[in-house]
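Please consult the sequence and the structure while reading.

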Amino acid sequence: MAAIPTEPRHVAVIMDGNGRWARHRGLPRSAGHQAGLEAAREIVRQAPQHGIQILSLFAFSSENWLRPKTEVHALIRLFGQALEQEIDRLVQNGIQIQFIGDRSGFPGRLQAAMLNAETVSGDGKRLKLVIAVGYGGRWDLCQAARMLVRRVRDGTLPEDRIDETEFETCLATGGLPDPDLFIRTGGERRISNFLLWNLAYSELYFSDTLWPDFTVAHFEEALNDYRGRQRRFGRTPGQVRCGRQA
Ligand code: IPE
Ligand code: IPE
Ligand code: MG
């Protein structure tokens, strides 16, 4: 185990602050979401050049359904448009897309577009882009628990074989390595129900910059900060420096 991490393999981002960005400009919140989309596009473009293999973006939480209907509709519309406009370019750039979250609340057309994006981008090798929509960490834990119960009931999983590895396979993120680095923009210092299981040992980085203003330079600052961390996973600094496991 390396004492000082070099580049994070998996970066997870809560892209927060779109609404405030718009308010500061006297614009509707939807304009902030549009500007946020542009910031996301640039970070996705740059991520592979920084050795990142997986980029997870929180686009719409299970709790965001509680926002005013007009904002929810604007977000759904923007999401659909963005998917339609970006998909060819993403595929050409070798980006594999995976959506995580409860899709059932979204219009059928958007659900179909998500499935199509996952299918056509399936061979992408440069970057895996995980987009969390209708996602909540608690939702994911509950649906994993239900899946485990079904497997125990149908006899394919003995109860005493339920361990962390088995549990993890039932999560929407099953098979993905945990995020090495978690970034939240917009000034709040909270997880807001993102990747509750997966962030157990992630390095946390909070930026006061509102998401639409978050440039590649800000992103590089976060990566730089990460390089200075010592990841111990419960061990002592001495153990980690020696690269020993015990
Ligand atoms: C994040 O920005 C985008 C979504 C949650 C969809 P916000 O819309 O939460 O922006 P603020 O936090 O109100 O500024
Ligand atoms: C988290 O931001 C969700 C997304 C960025 C998609 P919120 O703005 O919804 O989080 P809270 O409500 O401030 O915790
Ligand atoms: Mg917010």
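Arg-231 forms a salt bridge with Asp-180, with 2.9 Å between the closest N and O atoms; a salt bridge here is a side-chain nitrogen of Lys or Arg within 4 Å of a carboxyl oxygen of Asp or Glu. Arg-231 lies in the loop between α7 (216-227) and α8 (237-242) and Asp-180 in the loop between α6 (164-169) and β5 (181-184), so the pair ties together parts that are 51 residues apart in sequence. Arg-231 is buried at 9% relative accessibility, and Asp-180 is buried at 14% (buried means under 20% relative accessible area, exposed over 50%, partly exposed in between; 1.4 Å probe, protein chains only). Both belong to a salt-bridge network that links Asp-180, Glu-203, Asp-225, Arg-229 and Arg-231.

This is a predicted model: local features need pLDDT of at least 70, side-chain atom pairs count only at pLDDT 80 or more, and totals for chains, interfaces and linings use all residues. Residues are numbered from 1 along each chain as its sequence is written, chains are lettered from A and ligands numbered from 1 in the order in which they are written, and side-chain values use heavy atoms, leaving out hydrogens and water.

Within helix α3, Glu-86 and Arg-89 lie three residues apart, about one turn of the helix, and their side chains form a salt bridge (2.4 Å, N to O). Glu-86 is buried at 12%, whereas Arg-89 is partly exposed at 28%.

Helix α2 (residues 29-46) packs against helix α3 (residues 69-92) at an angle of about 25°. The two helices are therefore roughly parallel to each other (angles under 35 degrees count as roughly parallel, over 145 as roughly antiparallel, 65 to 115 as roughly perpendicular and the rest as oblique).

Definitions and conventions:
Axes are lines fitted to C-alpha atoms, for helices over the stretch in contact, and angles run from 0 to 180 degrees between N-to-C directions. Helices (H or I, at least four residues) and strands (E, at least two) are DSSP runs, numbered from the N terminus.
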